[in-house]
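I set down here, in order, what I looked up in this structure. The entries move from the domains to the ligand and then to the backbone.

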Amino acid sequence: MAKTKSAYFCQSCGYESPKWLGKCPSCNQWNTFVEEVIEKINSSVPDWKNSSTTLQRAARPAVITEIAYRDEQRQLTSDKELNRVLGGGIVPGSLVLIGGEPGIGKSTLMLQLALSLPKLKVLYVSGEESEQQIKMRAERLLPAAKSECYILTETSTQNIFKQIEALEPHIVIIDSIQTLYSAHIESTPGSVSQVRECAAEMLRFAKETATPVFLIGHITKDGTIAGPKILEHMVDTVLQFEGDRHHVYRILRAVKNRFGSASELGIYEMQGNGLREVSNPSEILLSQREESLSGITISAMLEGLRPMLIETQALVSTSAYGTPQRSTTGFDTKRMNMLLAVLEKRCGFRLSAKDVFLNIAGGLRVEDPAIDLGVVVAIISSHEDMPVPAKICFAAEVGLSGEIRAVNRIEQRIAEAEKLGFETIYISKYNKKGLDIKRYSIEIKTVAKVEEVFSALFG
Ligand code: TYD
Ligand code: MG
């Protein structure tokens, strides 16, 4: 017999409680409990046992050395950036969650994927857009694509599975997990218990049929994927699609990946006809300029595991107000304040009455500390109004006493700078150990203090 039951769920972490609580014992948030009606078809039997597709075999322990190893046959897509982020193509039976802010391009990325796999049957389930809207978008993206991409506008998981059984797609894309609802649960779509149940059903389907499933997930205003945290635990891979909506560049970052490195990332450019892969990020991130301008430096950075050269622009001007302004885009303001304090205290530059603006080109956000040296040189270059020669780049961290510290993967950074035609790179002298300087044609200057860099550049 069906039995109606309700429970209270923390909207922040998904904690379930039989009664209302003011404070969540799991995540310590206040006032996050909302009542949701859960109706199980048969409360005494967990619903996955009702499912006819479940393989009812009891697992037995096996010695790990005797488990047959199969190299998963990964499906490579024509999108090299996506292949890289997934750790080398799509793994059969994997459940991938793609999160991102509204309008960043999640639906575009997934539809583009669906259209670019001509030999595979792809089912694109949309609970957000009509068939007409999707067709319009597809015309914009790949008007001549001969793909076997099926569109289904449906939100009930039971109906979706019925269609899947009839169609037997090779890949399923769900846009979005927050719009789905399962008849096993009576709360509204997007609620914690619905999201959890629908994701669990998709997970079972993916594992039992070895069909890869992509779930698009909304993001809340604090940047986490809407719904319970448990969603991220359930899936195999979590990809984050990010970028500044006013800029054209988008970054697809692996946050969690059971089948590859979580530090991979892919870069795209949003164009009028969809997302284009950016295979050589450095070339577009460096602005083309003829003459040298003050306040501009180039740093050899690593984003994930990829080396790229990024331009930093600084503007230092006399403050018109009592409190000078300090503003950054793409860089941590606190870190810039720290670097300004180092310049003031250790190197004697009078910056406390100056406005300082800092901008990382291309709308990227940089967290790699190796940009520090580039940042301080850009600030001093603007302050002194003396340009840094265009063929010089930097890769080092700056410490509190003005010392220049080593950074990781220095060979990769040097090789990228050399490849792009830079003539000189400044690195920390502590990075010198084990480095075969003669191997490179680029001149490598090793320094220990920021003053050394300033006297070499500005005299
Ligand atoms: P969309 O994929 O709908 O975002 P999401 O699903 O993450 O909410 O992307 C919408 C934005 O992308 C929209 O603002 C318009 C822009 N866009 C382009 O610039 N070029 C294109 O070819 C497409 C399809 C969208
Ligand atoms: Mg969308």
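This is a predicted model: local features need pLDDT of at least 70, side-chain atom pairs count only at pLDDT 80 or more; totals for chains, interfaces and linings use all residues.

Entry 2, salt bridges between domains. With that rule I searched the interface of domain 2 and domain 3 and found two salt bridges. I looked up the pair E81 and R306, which forms a salt bridge with its closest N and O atoms 2.9 Å apart. As a general point, side chains of opposite charge can pair when their charged atoms come close.

I took the bounds from the domain assignment of the chain, which gives domain 1 as 6-37, domain 2 as 76-279 and domain 3 as 284-458. For the contact between domain 2 and domain 3, I counted 15 residues from domain 2 and ten residues from domain 3. Over C-alpha atoms, the centres of domain 2 and domain 3 are separated by 38 Å.

I looked up the area buried between domain 2 and domain 3 and recorded about 1,000 Å², with 60% of it from carbon and sulfur atoms. Which three residues supply more than any others of the area that domain 2 buries against domain 3? They are Y249, S263 and L265, and they supply 42% of that area. I also counted polar contacts between domain 2 and domain 3, and four residue pairs qualify, both residues being at pLDDT 80 or more. On the side of domain 2 that touches domain 3, the elements giving two or more residues are α1 (80-85), β10 (249-257) and β11 (265-271). By class, I sorted that side of domain 2 into five nonpolar, five polar and five charged residues.

I listed the surroundings of ligand 1 and found 16 residues, the closest being G103, S107, T108, Q271 and G274. I then checked individual atom pairs. A polar backbone atom of Q271 is 2.7 Å from a nitrogen atom of ligand 1. For G272, a backbone N or O atom lies 2.9 Å from an oxygen atom of ligand 1. For G274, a backbone N or O atom lies 2.6 Å from an oxygen atom of ligand 1.

Which residues does a cis peptide bond join? I found it between D175 and S176, with omega at about 5°. I located S176 in the loop between β7 (171-175) and α5 (192-209). N28 sits in the loop between β2 (16-17) and β3 (33-40).

Terms used
Residues are numbered from 1 along each chain as its sequence is written. Chains are lettered from A and ligands numbered from 1 in the order in which they are written. Side-chain values use heavy atoms; hydrogens and water are left out. Domain bounds come from an automatic or database domain assignment. Contact means heavy atoms within 4.5 Å. Buried area is the accessible area (1.4 Å probe) that two parts lose on being put together, summed over both. A salt bridge is a side-chain nitrogen of Lys or Arg within 4 Å of a carboxyl oxygen of Asp or Glu. A polar contact is a pair of N or O atoms within 3.5 Å; within protein, one must be able to donate a hydrogen and the other to accept it, and residues adjacent in sequence count only if both atoms are side-chain atoms. Helices (H or I, at least four residues) and strands (E, at least two) are DSSP runs, numbered from the N terminus. Ala, Val, Leu, Ile, Met, Phe, Trp, Tyr, Cys and Pro count as nonpolar, Asp, Glu, Lys and Arg as charged, and the others, Gly among them, as polar. A residue is near a molecule or strand if one of its heavy atoms lies within 4 Å of it.
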